[in-house]
Every structure is written in C-alpha cells, then in structure tokens.
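Come along while I look things up one by one.

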Amino acid sequence: MSKQMIILIVILGSVVVLLIAFLLKSILSPKKISQIQKFLKAGKYASAIKDARALLAKNPRDSEARYLLGKAYLADKKTDLAFIEFKALNKTALFNNVAMEIEFRSIIADLYIKFQQPDDALNEYILLNKKDPKNPKYYFKAGQLYEGKNMSEQAMAYFKKTINLDSKYAPAYASLGLLLFRSKQISEAEKAIAVALKLDPENSESLYYYGRILRGKKDYAHALAALEKAARKQDIRIKCFLERGCCYVEAGSLDKAIFEFSRAIKSTKQASDPEVLYSRYFLAECYEKQRNIDKAIEQWEAISAVKPKFKDVAKRLEEYSDLRTNDHMKEYLTLVKEEFFQMCRCITEQHFDYPVQAVKEIKIGCSILAVEKGSEQWLNTRKKPQILIFSRENSIIGETFLRQIQEEMKKQAIVTAHILTSSGFSQEAVKFAENRPFELIDRPKLEKILEKVKFNF
C-alpha cells in the first residue's frame with residue numbers, strides 16, 4: 001500500500017470520527033436538555049443544576065443550558081446565582097425563539113429590580129414592549145420604574161398605555177390616580193381612583209387617597225369610611241388614623257379627633273415618624289381647644305424630645321412654661337366655660353369697677369358688655385358702654401381683629417374696648433390702637449390683674 005493511500009485512509013478516518021462525534025453530540029445534547037427540563041418540572045432542582053453545569057463545562061456558549069441553569073437556581077431560591085447566569089447569558093445570547101426571549105427578559109427584568117438596578121430593568125421592559133406590544137404588564141412595570149425615578153409624566157403615559165391595552169387593569173388606575181393626586185389634578189385623580197376601587201375594592205392605597213380626596217370635598221362620612229377600611233393595611237394604618245383625626249377636627253368633633261390621633265400614635269413604636277409627630281401636634285391642639293393644657297403640654301414635650309424644632313412646639317412650651325408656678329394664669333387658660341365666665345365677670349367688676357350688663361361666649365373666649373359705674377347712678381347721666389374681650393387663644397391678636405371690634409363698637413355706640421389676652425398683640429395692632437378707644441392688656445399685664453382679683457368660684 002502506497003504512502004499516499006495510507007495518508008488518505010487516516011484523513012478519511014479522522015473525518016468519520018469527527019462526524020460520529022458531531023452526530024452523537026447532536027443526538028445526546030438535546031436529550032440532556034430534555035432531561036434538565038424534566039428535572040425542573042419534577043422539582044428536582046439539584047439534578048437540573050448538576051446536569052446543566054456539566055453541559056456548560058463542555059460548551060460554555062450553550063445558551064439553552066445556561067438559561068435552564070439560571071431557571072433551576074431561581075426555582076431553588078438561589079436568586080443571586082440565578083442573577084449571575086442570566087446576566088452572563090444576556091451578554092451573548094441570540095434568541096431564535098421569541099417566546100423564550102420574552103420569558104427570559106421578563107425574568108431578568110424582575111431580577112434587576114430585586115438587585116436594585118432599575119435602569120437595567122427599565123431597558124428590559126422597553127425591549128419587552130417592542131417584543132410583546134400587546135402585553136399591558138410590561139407597560140405597567142415600566143411606568144412603575146419611571147415613577148421610582150420621579151419622572152411622573154413618563155410614568156403616567158405608560159400607565160395610560162396599560163389602561164388602553166387592558167381597561168380592567170386595576171393597578172394601573174391606582175398608580176395613575178396617585179400620580180394625578182400628587183400633581184394636584186384632583187378631579188382626574190378621583191376618577192382614576194374610583195375605577196381602581198370598582199375593579200379592586202380592597203386596594204388599601206386607593207382607599208387611603210380616596211379618603212383624602214373626600215376629606216378635601218368635606219364629605220367626611222364617606223372619607224371616614226374609606227380611611228377606616230384602608231387602615232386594615234398595617235404599613236399605612238398610622239396615616240389613615242391621622243387623616244381620620246383631621247376629618248373630625250374639621251367637623252368639630254374634638255373628642256373623636258382625640259381618639260383617632262391617639263390611635264395613630266399607638267399604632268407604631270417609631271416616635272420620630274413624621275405621622276407620629278403630626279398626630280401628637282394635632283392632638284395637643286385638640287387638648288388646647290378643650291382647655292386641657294396639661295395634656296397639651298405632654299404632647300408638645302413628647303415632640304420636643306425627638307425633634308425640638310418641629311413647627312412651633314418650642315414657642316408653645318415657652319408660652320405655657322409659667323403654668324406650673326402661676327396658678328391664676330393656669331386657671332384662666334384651663335377653667336371650663338361657666339367658671340371662666342365667672343372669672344371674667346370678677347375681673348370686670350373688681351379691676352375695672354364696671355357693672356356687668358351681659359356675658360357672651362365668643363370663639364377666642366368671652367365678651368362682656370358693661371358700663372362705667374358712675375354713669376348708671378343717675379338717670380339723667382348718659383351711660384358709657386364698655387366692651388371687654390377676654391382671649392385665651394394662643395395666637396397673637398392682630399390689627400384685623402381690632403378693626404372688626406371697632407365696627408361693632410360703632411354699631412352699639414360703645415365708648416371703649418378693653419382687650420385682654422393670654423398671648424400678645426402684633427406691632428400693627430399696637431400701632432392701630434394708638435389714639436383710638438382701645439386698651440390693650442397683654443399677658444404680663446393680665447398676670448398682674450389676676451394676682452389682685454379675688455375669685456368667688
């Protein structure tokens with residue numbers, strides 16, 4: 001046999017071996033893939049992982065094996081390992097099967113979100129919208145990611161696209177309603193949230209914002225019902241109770257407001273939460289309106305302990321700091337209505353020496369109509385009516401209030417107005433009172449008067 005013939009036989013033999021190997025691989029590889037898929041369906045994740053890794057050891061570019069390995073890790077709750085495999089696959093894979101690509105991109109997009117890579121997740125959902133343009137889920141997910149980036153206009157556009165594809169997609173209505181609410185488009189927000197609740201009546205977030213919208217419309221009965229139902233969800237419970245308390249304050253039901261603000265405070269142990277601080281602040285205001293100053297001070301002190309600069313808490317505590325040492329001022333601020341009226345009568349009769357003609361409750365405290373004592377002793381002497389305003393509100397009395405009193409004085413032919421307050425007067429009010437028939441008595445002057453008057457209650 002010639003040398004050339006031997007070489008030819010060797011070459012032909014090598015080709016046959018390679019051909020056989022290729023054929024065996026073509027036959028065996030799909031069988032291996034099929035076996036891995038069977039392991040996945042049967043829940044035998046360890047076996048699926050073992051076989052997939054074996055295939056990849058022979059051929060690292062086997063996209064299908066890597067994809068199944070990632071799915072096996074995911075099913076076995078080894079999310080971090082699954083994420084590594086899917087990211088590696090995303091760099092090299094060329095998908096011939098559109099359904100497989102859609103499934104893959106949907107999974108990796110969720111993994112990007114889980115591992116806090118929202119930009120990569122958004123890119124995947126944008127690709128999915130092109131690959132599967134009639135699936136509303138991917139538009140909704142993209143809208144959520146835009147919302148997370150504070151890109152409200154883009155987020156709303158995607159939520160609207162979701163609704164266009166599926167008019168019964170409740171989460172899209174809910175998310176759209178929330179963004180419309182935040183952008184002050186209340187009417188449109190109400191429409192979107194109403195649809196969301198029609199489709200999903202138990203959506204707590206939608207119920208909460210629906211309650212806020214109804215509160216803004218002063219529809220307190222329905223607002224309270226929506227907020228109570230929303231409070232079933234633990235993570236928004238405190239916000240619901242806070243809103244319910246505000247509803248009752250606006251409706252003039254202070255006792256019920258106190259109950260709701262107290263519920264809000266008790267619903268969390270996080271003393272520094274903004275909702276807790278606001279609940280305590282509004283609770284203190286309710287107690288102050290009820291003249292229960294000691295309890296109001298307790299709430300202000302609780303706020304000050306965690307956030308001393310919260311609103312005007314420091315100022316409030318300073319204004320009431322002398323209550324522990326000044327019993328008369330404490331009584332002036334805390335007495336119930338009838339006893340407070342009696343105190344004002346005593347001040348009028350003893351300090352001013354004016355006989356009282358009438359006592360009337362007003363928003364800030366008490367109003368007394370009196371006359372100068374000498375002017376009522378003689379029938380022929382023209383009486384000189386006086387009006388005394390006793391305020392125990394915390395707010396400073398301004399010029400506008402004095403102007404209103406002046407108009408009343410003209411109508412009733414009142415000679416002089418004496419304004420007594422536990423707080424003080426604005427500079428504009430003091431200037432306005434100059435050369436006019438007003439006597440302004442601020443807190444320090446009132447304290448001196450209270451020390452001298454004897455009270456008979």
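I searched the whole structure, which is a predicted model, and found 30 salt bridges. I then picked out a few pairs.

I looked up Arg182 and found a salt bridge to Glu147, with the closest N and O atoms 3.9 Å apart. Arg182 sits in helix α9 and Glu147 in helix α7 (residues 136-148), so this pair links distant parts of the chain, 35 residues apart.

Next I checked Lys229, which bridges to Glu202 with 3.4 Å between the closest N and O atoms. Lys229 belongs to helix α12 (residues 220-230) and Glu202 to the loop between α10 and α11 (204-216), so the pair ties together parts 27 residues apart in sequence. Lys229 is partly exposed at 25% relative accessible area, and Glu202 is partly exposed at 48%.

I also noted a salt bridge between Arg345 and Glu349 (3.9 Å, N to O). They are 4 residues apart in helix α19 (residues 337-351), so about one helical turn separates them.

Finally, I found a network of salt bridges linking Glu101, Arg105, Glu124 and Lys131.

**A look at helix α15**

I listed its buried residues, among them Val276, Leu277 and Tyr281. The buried residues of α15 pack against α13 (237-250), α14 (254-266), α16 (293-306) and α17 (313-319). Just after α15, I saw that Arg291 takes a positive phi of about 65°.

Methods
Residues numbered from 1 in each chain as written. Predicted model: local features only at pLDDT ≥ 70, side-chain atom pairs only at ≥ 80, totals over all residues. Heavy atoms only, no water. Buried < 20%, exposed > 50% of the residue type's maximum accessible area, 1.4 Å probe, protein only. Helix = DSSP H or I, 4+ residues; strand = E, 2+ residues; numbered from the N terminus. Contact = heavy atoms within 4.5 Å. Salt bridge = Lys/Arg side-chain N within 4 Å of Asp/Glu carboxyl O.
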